Amino acid sequence: MPAFDNSPYKTKTVGDLNMPFDIDWSEWLTSAGGTTISTSIWAIEAGGGALTIDSETETTTVATVRVSTGTIGVTYTLKNTIVTASSITKVGRLYITVEA
């Protein structure tokens with residue numbers, strides 16, 4: 001099983017294309033009665049339009065977004081909204097700073 005960095009603060013190099021970022025929801029899902037992720041939606045909430053969401057995937061416990069481009073020095077807020085198999089909605093955020 002892969003190890004996930006659960007800090008919401010991430011960095012990416014401006015040249016990195018299709019770079020994956022994850023939220024591992026497993027601990028919260030266990031505390032919510034052992035439910036699983038049914039759907040996951042990602043959105044760029046703040047930081048401007050230069051960051052691009054390339055794709056979104058999820059497993060039963062992990063939501064992944066792949067991003068590219070971005071502006072050096074800008075911190076983007078990515079919002080992840082999941083709905084569980086037991087119809088609970090939960091929101092998490094990642095803060096991605098683009099570096100040279």
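Visitor: What should I know about the model before going on?

Guide: This is a predicted model, where local features need pLDDT of at least 70, side-chain atom pairs count only at pLDDT 80 or more, and totals for chains, interfaces and linings use all residues. Residues are numbered from 1 along each chain as its sequence is written, and side-chain values use heavy atoms, with hydrogens and water left out.

Visitor: In which strand does T84 lie, and which residues does T84 touch?

Guide: T84 belongs to strand β6, residues 75-84. Strands here are DSSP runs of E with at least two residues, numbered from the N terminus. A contact means heavy atoms within 4.5 Å. Not counting residues up to four places away in sequence, T84 touches W28, L29, T35, T36, I37 and S38.

Visitor: Is I82 buried or exposed?

Guide: I82, also found in strand β6, is buried, with 0% relative accessibility. Beyond its neighbours within four places in sequence, I82 has contacts that include W25, W28, L29, I37 and I88. As for distance, the C-alpha atoms of I82 and V65 are separated by 13 Å, and these residues are 17 apart along the chain.

Visitor: How do I read a sheet, and in what order do the four strands stand?

Guide: The general idea is that strands of a sheet pair through backbone hydrogen bonds, either parallel or antiparallel. Two strands count as paired if DSSP finds at least two bridges between them. Here, four strands form an open sheet in the order β1-β7-β6-β3, with mixed pairing. β1 (9-13) and β3 (37-46) are at the edges with a single partner strand each, so one side of each has no neighbour in the sheet. From one strand to the next, the twist averages 30°. Such angles run from 0 to 180 degrees between N-to-C directions, with axes being lines fitted to C-alpha atoms.

Visitor: How many bridges join β6 to β7?

Guide: Nine bridges join these two strands, which run antiparallel. T75 faces T97 in β7. On the other pairing, β3 and β6 are antiparallel over eight bridges, with A43 opposite K79 and A46 opposite T77.

Visitor: Which residue takes a positive phi in the hairpin of β6 and β7?

Guide: That is S87, with phi near 65°, in a hairpin that has four residues between the strands. S87 is exposed, at 63% relative accessible area. T69 in strand β5 also has a positive phi, near 60°, in a residue other than glycine. T69 is partly exposed, with a relative accessible area of 32%.

Visitor: In what order do the three strands of the other open sheet stand?

Guide: The order is β2-β5-β4, and the pairing is antiparallel. β2 and β4 (51-58) are the edge strands, each with a single partner, so one side of each is left without a neighbour in the sheet. On average, neighbouring strands of this sheet are turned by 25° against each other, direction ignored. β4 and β5 pair over seven bridges, and E58 stands opposite A63 in β5.

Visitor: How should I think about a nonpolar core?

Guide: In soluble globular proteins, nonpolar side chains tend to be buried together. The term covers a set of buried Ala, Val, Leu, Ile, Met, Phe, Trp, Tyr and Cys residues joined through side-chain atoms within 4.5 Å. The largest nonpolar core has 16 residues, of which F21, W25, W42, V65, V67, L78 and L94 touch the most other members. Two or more residues come from each of β2 (19-24), β3, β5 (62-69), β6 and β7 (89-99). The contacts of L94 include F21, W42 and L78.

Visitor: How many salt bridges does a search of the whole structure find?

Guide: The search finds one. A salt bridge is a side-chain nitrogen of Lys or Arg within 4 Å of a carboxyl oxygen of Asp or Glu. E45 forms a salt bridge with R93, and their closest N and O atoms are 2.6 Å apart. E45 lies in strand β3 and R93 in strand β7, so the pair ties together parts that are 48 residues apart in sequence. E45 is partly exposed at 40% relative accessibility, and R93 is partly exposed at 32%.

Key: Buried means under 20% relative accessible area, exposed over 50%, partly exposed in between (1.4 Å probe, protein chains only).
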